[in-house]
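Please open the structure in your viewer and keep the selection panel at hand. The tour moves from one selection to the next, and at each stop it says what is there.

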Amino acid sequence: GPEDNDAKGSAGDSTPHQGGTLTVLNSNPQQDFDPARLYTSGGGNVPSLVFRTLTTRNREDGAAGAEVVPDLATDTGRPNKDATVWTYTLKEGLKYEDGTPITSADVKYGIERSFAAELSGGAPYLRDWLIGGADYEGPYKDKGGLGSIETPDARTIVFRLNKPEGEFPYLATQTQFAPVPEARDTGTKYEEHPVSSGPYKVVKNENDGERLILERNTHWSASTDAERKAYPDRIDVRSGLDPAVINQRLSASQGADAAAVTTDTNLGPAELAKVTGDQELASRVGTGHFGYTNYIAFNPKVKPFDNAKVRQAIAYAIDRSSVVNAAGGSALAEAATTFLPSQKSFGYTPYDHFPAGGSGDPAKAEELLKEAGHADGLTVTLTHSNAKDFETSPELATAIQDALKKAGITVELEGLEENDYSDKIHNAGTEPGFFLAHWGADWPSGGPFLAPIFDGRQIVKNGANFNTSFLNDDSVNAEIDAINKLTDLDAAAQRWGALDKEIGERALTVPLFHPVYKRLYGEDIKNVVISDWTGVLDISQVAVK
Amino acid sequence: MNFVVRRTLGALVTLLAISVIIYVVFYVTPGNVAQITCGPRCSPVQVQQVADQLHLDDPLYARYWHFLEGIVAGRDYSTGTAVQHCPAPCLGLSYQSDQQVTRLILAKLPVSLSLVLGAMVLWLVLGVGTGVLSAWRRGRLSERILTGVTLAGTATPVFVIGLILMIVVCGELRLLPFPQYVNLTEDPEQWAWNLLLPWLSLALIEAAAFARLTRASMLETLAEDHIRTFRAYGVGERSVVGRHALRGAFAPVIALNANNVGSAVGGAVLTETLFGLPGIGRELVHAVQVVDLPVVVGMVLVIGFFVVVSNAVADVLYAVADRRVVLA
Amino acid sequence: MSEALVAVDAPGAVSAAPGASGARRFRRRLRTQRAALVAAGAVALLILVALAAPLLTALEGQDPTTYHPALVDSARGGVPIGSFGGVSGEHWLGVEPQTGRDLFARLVYGARVSLGVALAATVVQMLIGVSMGLGAALGGQWVDQLLSRCTDIIIAMPLMIMALALLAIVPSSFPRPVLVALVIGLIGWGNIAKIVRARTLTLKELDYVAAARLSGWGTLRIARRELLPGVAAPVITYAALLVPSNISVEAALSFLGVGVKPPTPSWGQMLTSADVWYQAAPQYLLLPAGALFVTVLALTVLGDGVRTALDPRAASRLRVGTGLKRESGA
Amino acid sequence: MSLVEVTGLSVEFGDLRAVDDLSFRLARGGSLALVGESGSGKSTAAAALLGLHRGTGARVSGAVRVAGVDVEEASEEEIRRLRGARAAMVFQDPLSSLDPYYAIGDQIAEVYRVHTRASRRAARARAVEVLDRVGIPDPVRRSRARPHEFSGGMRQRALIAMALACEPGLLIADEPTTALDVTVQAQILDLLHALRAETGMGLLLVTHDVGVAAESAEEVLVMRHGRVVEHGPVDAVLGSPAQPYTRELLGAVPRVDAPRASSSAVSEDVAASGDVAASGDVAASEEAVSEKSAVSEEVVLEASGLSRVFGRGRRAVTAVDGVSLTVRRGETLGIVGESGSGKTTLGRMLVGLLRPTAGEVRHAGHARVGVDPAVQMVFQDPVSSLNPRRTVGESVAAPLRARGERDEGLIRGRVRELLERVGLEAAHYDRYPHEFSGGQRQRVGIARALAADPRVIVCDEPVSALDVTTQAQVVALLGELQRELGLALVFVAHDLAVVRQVSDRVAVMRDGRIVEEGPADAVYDRPREAYTRRLLAAVPALDPALAARRRVERRELAVT
Ligand SMILES: Nc1ncnc2c1ncn2[C@@H]1O[C@H](COP(=O)(O)OP(=O)(O)OP(=O)(O)O)[C@@H](O)[C@H]1O
Ligand SMILES: Nc1ncnc2c1ncn2[C@@H]1O[C@H](COP(=O)(O)OP(=O)(O)OP(=O)(O)O)[C@@H](O)[C@H]1O
Ligand SMILES: [Mg+2]
Ligand SMILES: [Mg+2]
C-alpha cells in the first residue's frame, strides 16, 4: 500500500520464556483499532496480537517470513480452477475472548463491515475483487449482506471473485478477515474494545489508541495457533512519542524500556552515527527489509516529460550516492535501479537501463538533452512534500536538484504540505510532471506493487489515482491478468520480475533507493524475528524473559 | 460589574470570531477531507459516502450553523449500529476517530494544564528570582551571567532545549526517567517527576522574558519615591527590596504572565510533541495535519478561551494590583 | 515575549519627561553604555556578514548548496568525515551531515534569511501594531471595541493554524522569504497593538496633546506629530526583543514547512534539522545555535541600552525631592 | 549639645556643587526653615542630615551631627537606627512617598517595628494611635486603607504620622505642603505647630514658600545656589532683610491682603536686586497694572449654565454644576477654589477641550462646540504641556502650521518673534523642553498660545508649579501681554494671593459652583461667603504674629 511501513532484526540469544511485560514505544498511535478500518500488511503488528485472520504471514526470519500460512483456516485457501472461487475451512475449537465460538458467519460479517462508509480506511482489494463489492454499502445500510461471500456451515466460508486472483491467500492476511461477532458490533465505537480472537485482549485503550494495554486472552489456545508465540503476559503500547525520544529510550534501555521494542520507528541518520560506534548498542539493532521503493515519478502528459529522452536524461544524471546519503546513508537505504524491491518474493530481477553509476552520468544526460532539443539546458519543477520522512522530503529534493545542475538542468523545488502534496500527485487533473514518490507492498509480491502503478485499468479519473504515469498499455494489462491467474506464487513472482524489467525501459519512473529498517530494541528482548514481509521485529515472537 | 459583563461579552464575540475564522480557513485549506478520512485508496464512491456522512458538501454556513446548534443543544450521531448522543456543549465528532470532541478535549486538557501550569510556576520562580537578583546585583558579573543564561533560553527553540535536556538528564546521567504522562490523581509523585523536564524546557523559554521584565520594573520601583521613604526610615535593604520593590514590580509581571499564556500554548505544542505528552497541543497539530475540522475548531476554541480569560484576568489583576492605574 | 515595556514605561517615563529625549542627549546617554555599544557593533557586524555572504563564501571558495557526498561517511548515517565535523582549509567550519554542504556558507547565507526575514517581519508587525493601537486609542468607542477585539483574536489564535492557512492560500510561486516575513508579521502584531494602545491612551491625556488640539490640529496630525514619537520609544525597545523571537518563529515555520524554500538555508532550519545531531556532529547544532545566541544577546543588550538611554530617570537613581509639583500618575 | 550641628557641609553631584559650605545648628525643640528658590540645594542639605546621600555617588564633605550621631562616620547600622527613630523625614510628594500596595497602618507599623521590636499587634496599635494624633478621622478603619484611598492632605498627615511613630527628636519636613491647596496647607502647618508644642521635637522645615516659613519656624536660613544668604530669627530676617536677595524673595511673594494697585513697594525692591529679567518683568507688570483701565464692554467669552458630569450611575461626579460667566475684552477674570472644586474642568470646557454635559459656551457671541484657536490655554504643568520629543520652536509653530502656513522662513521668523516677546531668546527655537527651567517652559507655553492670535487665554494654574520669583515673572509677563494685545484672561488658581494680584474680577468656586463673584477688591476685602473667608484665612502670613492670629481665626472658622 502507499503509506504502509512497519520494520526488523537478527538473532535473539538464549531460550525465551513466558511472562513479563513487553513495552512497545511507537510514534504513531494505533488510532483505528477496528479490523475493518486497518490498512496493514500481513495483519499488522499490534493488531495481529488481537485479530486472527483466515491466513497470516509466516513468522520466520528473512525470506521465509515472506510466505503466507494458515491462521484461523486450516489451509491457505482452496481455489477453483481459474482462481475465482476460494474456499476456507475454520479450525476447530476457535474462541473469542469471552469464550464464545468463532464462526464463518463472523468472518463474513467482519468483511461486510469494512464496506460501511462509517468504517472506511482499509485496502481496496475486497471492493475490487469480490462480485458485487463495488456497489455494496455494508451491513448497516444493506441488511441483505454481500452475496459473493457464502457460509454454507459454521466452519466454511466461500469467496466468489469477479476475476482470477491467485494471490487471494495474501489478501486473507488483512485484518478485514478477522471475525467480528455481529451481536457485539458497536459500529464506530467498536475500536474502543474490539473482541479478541488472538492471544491478547484489550484491557485499556486510552486516548484513541495512544496507550494500549493488552493482556492474555485466556480463551486463546496455542494448539490452534502455530504462528504466535505470545511469551509476554502483558503488552504495553505507548505511542505518540517523538522518534528521537523513542530511540533515546531504547538506547538507554532503562527500567521498563529494557523490555521495549518499537514497530514503527527507524534509527535516524544521526542516531545511526552514534550506534555504529557502540558495540553494545550495535548488537541491539535489528535490520529488516520491507518491500518498498522510493522513486522519481514522471507525468508524461506534462512537457517536457512527454519526451522519453528527457526522462532518460534525468535517470542518467541522478547521483544515487547523494540521494542515499540524504535518505540516511548506506545503512538506511540501498540504491535502487529496479522498481520492484530486491527480495525474491517480489520476483526481483536486476536491471539498470540507464546506468548512472554511483554519482550520476551528467555527460550522457546532456547528450540526451541535446537530442531532445534542449541543448541550452532545461528548467523543470520538482514537486516534493514537506514531511520530515527522508522519503519525499526536501533533503531528497535538494540532492536531486544538485545532481541535475551538473547536467545543465535547473530544478525549481515546489515543496507542499503533506495533504496538499498527496492530493496533488494522486489527482489526475493536478498531477505535476516531475515529483518524488514511494510505494510499499501490501503483501510481498509483485502484484500489489506493479498493478496499481502500471495497470491502465486502475487509472482513476475522479479520485485517488496511483497510476501516475497514466500507462495504459494492452500488453502490460494482459500480462498482469495472466499472472493474476497463477496460483503457483513462485512462478508468478518470476513473471512479475520480468514485467518490471520491461516496464523499466520506458523510463516512467527513476527508482532511487529501497529503505532498510534499522531498529533498536531493549536489552532484555529475546527471540528477535524479523521477516522480509514486514521488515520489523515481530512482537508475537518476542520474549522478555 | 459592568466591566465583567462587557468583558464576558467581548470574550464571547472573540471566540465566535475565532471559530468563524477557523471554519473559513479550513474551507480554503487544500486537502481533500473525505479522501483523508476515508483512506488513501478509497474509491471515489466511498469517498463520496464519507463526504455525505460528514456533510462535507453542505455549504459552509450550514455546517457552521449545525456546529452552533451542537454547542447550544447537543447533537445526535450514528455509529452505524446505534445512535450516539453528544450532549449540550457538543463540539462535534472527530472525523478521524469518531470521538466526541468535547470528551477528547476533556481527556487531554489535564495533561496540557499540568504542563502549562507547572511550567508557569517554574518560569515565574526562575524568571522573577533571576530578575530580582539581577536588579539587585545590577552591573556586576553575577548579573551578566544570569542574563546570559536566561537569554540562552529565549535564543534556543524549545525542541532543541528539550531534546538536549532529555539526552543528557535521562539518557546519559540517568537522573530522571524519560518523561511519560502519569495522572496526577494516580500518582502525584510520579506525575511531578515525569513532568519535570517538560516543565523545565517550557519554562526556560519563558523565564527570560520574566527575568528581564522583573529586572526592569524592579529598577523602576527602586527608583521610586516610596522606596526612598522606607530607606529614610531605617528599614533594612532586604525588606526594602523584598517587600516594597518586589511588590511594586508585580503588576507588570502578572500582566505579562497572562499575555504569555498564548505563547506558552504554542510552546506546549512543541513540548508535548517532543516528550510525547498526550495533550491538546499535540492533538491539535495532528488534527491540523489530517484536516480534522471539528477537533481543530474545538481545540482552538479551548485554547482561545484560556487566552481570552487569562487576558481578562490580567486586565483586572493589573488594575487591582496597581492601584495607581485606577487612581490616575 | 515581554510586554515589559508597557508596564515599565507607562507610569513613570511620561511624567518624568524632563530630558526624556532629544536626539543629542539620547545619543550621549547611549554612548555612556559600553555594553550597548559593543552590542550595536555586533549587530552591525551580523548585518554586514549577511550582506556580504556571497563575498565571504567566494573567499572560502564554496557555496551553500553543493553536495559533497565524499565528505560524509555514508555507512554511519552521513556523519562528516574528519575532526570537528570536517573542518579543513576548504571548509572552514566543516560540512553538514548527510549532504556534505559547506557549513560556513550555509551559516552566512542563513544569516541573510534569518535576519532579513526577522527584520522585515518586525517592520510589518510594527506597522500593523502601531496603526491598530493608535487607531484603537484615538478612534471612538466603537472603533476601539472593533480594533481591540481584532487584537484579542490575533492574540488568541494559535500561530500555527494561521501559518498553515496563509501558506495554503498563497500560491507557492510567491517569493518565500517575503511570504514568511508577511506571515510572521501578520500574526505577531497583537502585543505591539496592546502596548501602543495603552501608551497612547496615557499620552493623549497629556497637556501637550490638548495644546496641539487647541492649535487646531486634526487627529491624524496629532497622532503623527505628537503621539508617534512618544509611542516610538517603547515600540522600538520592544522591537529589539521581537527580532530574536521572530527568528525563532521562522525556525518553527520551517519546522512546519512554511519556512523558506530549500536549499536556501536559514538558522532556524539548520537548528531544526540539527538537534538530533547533537551527539554525533555537535558543531552542526552549535553553529546556528551560537549565531542565534549572539544575535539575541546583542539585540537584547542593545534594546536594554536604548531603553536606559530613553529613560531620563536612569541618570539619578535616588532623587531627593524636586521643586516641581508632580502631576500624579498618568 | 545641639540637636543638629552642621559645619561646612558641601554636597557635590558630579560637577555640580548643590550645597556649598553650609553651617547651622538647631537646638533641641527649636525650629529652622530652609528657604530658597527651586534648585538652591535645600532638599539636598536636608537629606544629608539622614545620610541619604550614602551610596548614591554624591560627594559629601563637612561635618553633620544629628542627635549625637556623626552622620558621616557612623556605621550603616547606626545610621539605620538614627533614621526614623531619632530623626524622621516627611517628604514632599505625599502620593509617591507611600507604598501604594500596602495599607497605611501597616507601613507605619513596619517602621515602628524596625526600631522598637514591638509585636505586630502593638505596632498596629501604635499606627492607629499616631494616625489619630495627626487628626485622621476613624483611624482604626482608615489605617487599613491604602494611600490612594486618602486625599492629598490625609496622605501628608499619614506621612507625618509615620514620622511621629518613634517619637523622634527631630522632624525634617521637605516641602510638606507644596502639593496641597491653601486650606489643607493651613491644616498641615497647624498640625506641625501643635505637635511641636506638645512633644517638644525639633523641626527642620524645607520650603520655597516664605509664607510657610514665617508661619512655622523660629529661625530662617535663606539659601541660594547652595550657599547661605542670610540666617537669623524669622521676624528679623523677614521683617528687615539684610540681603538684597532676601528682599527680592520677599518681594516676589504675592500678598493676599494688598490690592493690586499697591504692589509698587515690592516691585521696587525687586528692581533693586540684580536679577534683570525678573525686575524688568515685574516692573512691566506694574505698569500694566497701573495703566490698565481699558476693560471694554465687548464680551469675548461667555458661558451659560455649564455643567459637566464624569462617570455614570452611582459613580457619577458632577465636576462643574451650572456655571455661568462672562469675560470681556482686556479683562482678567480670576477663578479660585480648593483642589477638586472644578476649576480645571471649567477651564477646559471654556476652551472646548471638554464637551459640557449641559449649557453652552459662546465665543465672541457665537455658540461654539470644540476647540477654537481664538481661545487658547496655558497649562498648569510646564512639564507635561510641552512634548519632550519636539523642539520648543516646533511646539510654538504648531498653531501657525495648523492655520495652513507653509513658508518655513515665515514660520521661523514669527516663532522667533514670539519667543523674544515672552522673554526668551530667538535662538532657543531648536532647543528641547528639558533644556529649559520651569519658568522658561511656561513662557514657551504662553508663546504657543499667542501664536494662535487669540482673543482669550485661559490660564489653568499657570504659576502654581513655579517658585515665587519665577511666578512673579510669569504673572508680570501675562499682564504685559494683556495690556499690549488687549487679551482677555481667565486666570485659574488655588493661590488666592496670585489671583488677587492679576484679576479684575474674581469668582470663587466650590464643589463645581460659583459661590461668590465680584470685583477682586470687593471679594477679598469684604467676602460675603463664609467659605471665601475660610479660604482667605488659610493664606500663610509673612508676619509671625499675624500668623499666630490667623491660626486662632482658622480654628474658630473651622468650628462654624
Ligand atoms: N541626585 C542628584 N543628582 C544630580 N543632581 C542633583 C541630584 N539631586 C539634586 N541635584 C541638583 O542639585 C541642586 C539642588 O537640588 P535640591 O533638590 O536640593 O534643590 P531644592 O532647593 O530642594 O529645590 P526644590 O525647591 O526644587 O526642591 C539642583 O540643581 C538639582 O538639580
Ligand atoms: N476625567 C475625569 N473623570 C472623572 N472625574 C473627573 C475627571 N476630571 C475631573 N474629575 C473630577 O471632577 C472634580 C473637579 O476636578 P477638577 O480637576 O476640575 O478640579 P480642580 O478645581 O481643577 O482641582 P485642582 O486644584 O486639584 O486642579 C474632581 O472631583 C475630580 O475628581
Ligand atoms: Mg527640594
Ligand atoms: Mg485643576
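What follows is a tour of a predicted model, with stops at an interface, at annotated stretches of one chain and at a ligand.

**Stop one: chain D against chain B**

Begin by selecting chain D and chain B together and colouring them separately, so that the boundary between them can be followed; here 29 residues of chain D are in contact with 22 residues of chain B. The two chains bury about 2,300 Å² between them, and 57% of that area is on carbon and sulfur atoms. On the side of chain D, select D:Tyr101, D:Tyr102 and D:Glu110, which lose the most area to chain B and together account for 30% of what that side buries.

Now show chain D as a cartoon and pick out β6 (87-90), α3 (104-116) and α6 (152-164), each of which supplies at least two residues of the side that touches chain B. Of the elements of chain D, α3(D) gives the most to that side, with five residues. If you colour the residues on this side of chain D by type, they divide into 16 nonpolar, six polar and seven charged.

**Stop two: annotated stretches of chain B**

Select residues 191-211 of chain B, which are 100% helix and 0% strand, with the end C-alpha atoms 27 Å apart. Then move to residues 290-314 of chain B, a span that is 88% helix and 0% strand and whose end C-alpha atoms lie 35 Å apart.

**Stop three: ligand 2**

Finally, bring chain D back and centre the view on ligand 2, whose surroundings include D:Phe310, D:Ala319, D:Glu338, D:Thr344, D:Thr345 and D:Glu461. For D:Gly342, the distance from a polar backbone atom to an oxygen atom of the ligand is 2.9 Å, and for a polar backbone atom of D:Lys343 it is 2.8 Å.

Technical notes: Residues numbered from 1 in each chain as written. Chains lettered and ligands numbered in written order. Predicted model: local features only at pLDDT ≥ 70, side-chain atom pairs only at ≥ 80, totals over all residues. Heavy atoms only, no water. Contact = heavy atoms within 4.5 Å. Buried area = accessible area lost by both parts, 1.4 Å probe. Helix = DSSP H or I, 4+ residues; strand = E, 2+ residues; numbered from the N terminus. Nonpolar A, V, L, I, M, F, W, Y, C, P; charged D, E, K, R; others polar. Near = heavy atom within 4 Å. Polar contact = N/O pair within 3.5 Å; in protein donor to acceptor, adjacent residues only side chain to side chain.
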